[in-house]
Amino acid sequence: ARTPAEAEAELIGMLRGLLALQAEDVEARKVAFRKLCQQHSECESADNAGQLCGDIGWVSRNQVEVPFEQAAFGLRIGDFSDVISTSRGVHIIQRLA
């Protein structure tokens with residue numbers, strides 16, 4: 001397992017790579033993000049098979065920690081969040097719907 005600082009530094013590098021992909025190619029960004037989740041995530045959702053890797057499903061307000069909620073609800077479809085920290089770790093969110 002990584003320290004939070006190591007995980008954050010790694011995620012910043014991954015986010016830079018994701019942001020370098022063409023914004024209009026939502027499907028390519030989704031596939032790239034899924035692959036990164038499969039390869040690097042230590043989250044329980046990363047163990048989901050196939051396309052669901054890293055997908056936590058629909059998120060409602062007051063369902064997740066405040067920093068996660070603020071980041072998730074501030075995104076447009078296809079966008080990535082900045083690296084955010086919660087009590088469960090550090091995260092990048094991609095809004096799919």
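What covers the buried residues of α3? The cover includes β1 (84-86) and β2 (89-91). Here is the background first.

This is a predicted model, in which local features need pLDDT of at least 70, side-chain atom pairs count only at pLDDT 80 or more, and totals for chains, interfaces and linings use all residues. Residues are numbered from 1 along each chain as its sequence is written, and side-chain values use heavy atoms, with hydrogens and water left out.

**Overall layout**

The protein has 3 helices and 2 strands. Along the sequence they follow the pattern α-α-α-β-β. Helices (H or I, at least four residues) and strands (E, at least two) are DSSP runs, numbered from the N terminus. The protein has 97 residues, and 30% of them count as buried. Buried means under 20% relative accessible area, exposed means over 50%, and partly exposed lies in between (1.4 Å probe, protein chains only). Take the contacts with a separation of 6 or more: residues 24 or more positions apart account for 32% of them. Contact means heavy atoms within 4.5 Å.

Two packed helices are described by the angle between their axes and the distance between the axes.

| Helix | Residues | Residues in the contact |
|---|---|---|
| α1 | 4-20 | Glu10, Met14, Leu18, Leu19 |
| α2 | 26-40 | Arg29, Ala32, Phe33, Leu36, His40 |

The axes of α1 and α2 come within 10 Å and cross at roughly 160°. Axes are lines fitted to C-alpha atoms, for helices over the stretch in contact, and angles run from 0 to 180 degrees between N-to-C directions. The crossing angle makes α1 roughly antiparallel to α2, a term for angles over 145 degrees. By class, the contact of α1 with α2 has 6 nonpolar, 1 polar and 2 charged residues. Ala, Val, Leu, Ile, Met, Phe, Trp, Tyr, Cys and Pro count as nonpolar, Asp, Glu, Lys and Arg as charged, and the others, Gly among them, as polar.

**Helix α3 and its cover**

Helix α3 spans residues 66-73, and Phe68, Glu69, Ala71 and Ala72 are buried there. Seen down the axis of α3, these buried residues fall within an arc of 170°, so they line one face of the helix. The arc is that of the directions from the helix axis to the C-beta atoms. On the other side of α3, Val66 and Gln70 are exposed.

**A buried serine**

Ser81 sits in the loop between α3 and β1. Ser81 is buried, with a relative accessible area of 4%. Leaving out residues up to four places away in sequence, Ser81 touches Leu15, Ala71, Leu75, His91, Ile92 and Ile93.

Note on methods
Angles under 35 degrees count as roughly parallel, over 145 as roughly antiparallel, 65 to 115 as roughly perpendicular and the rest as oblique.
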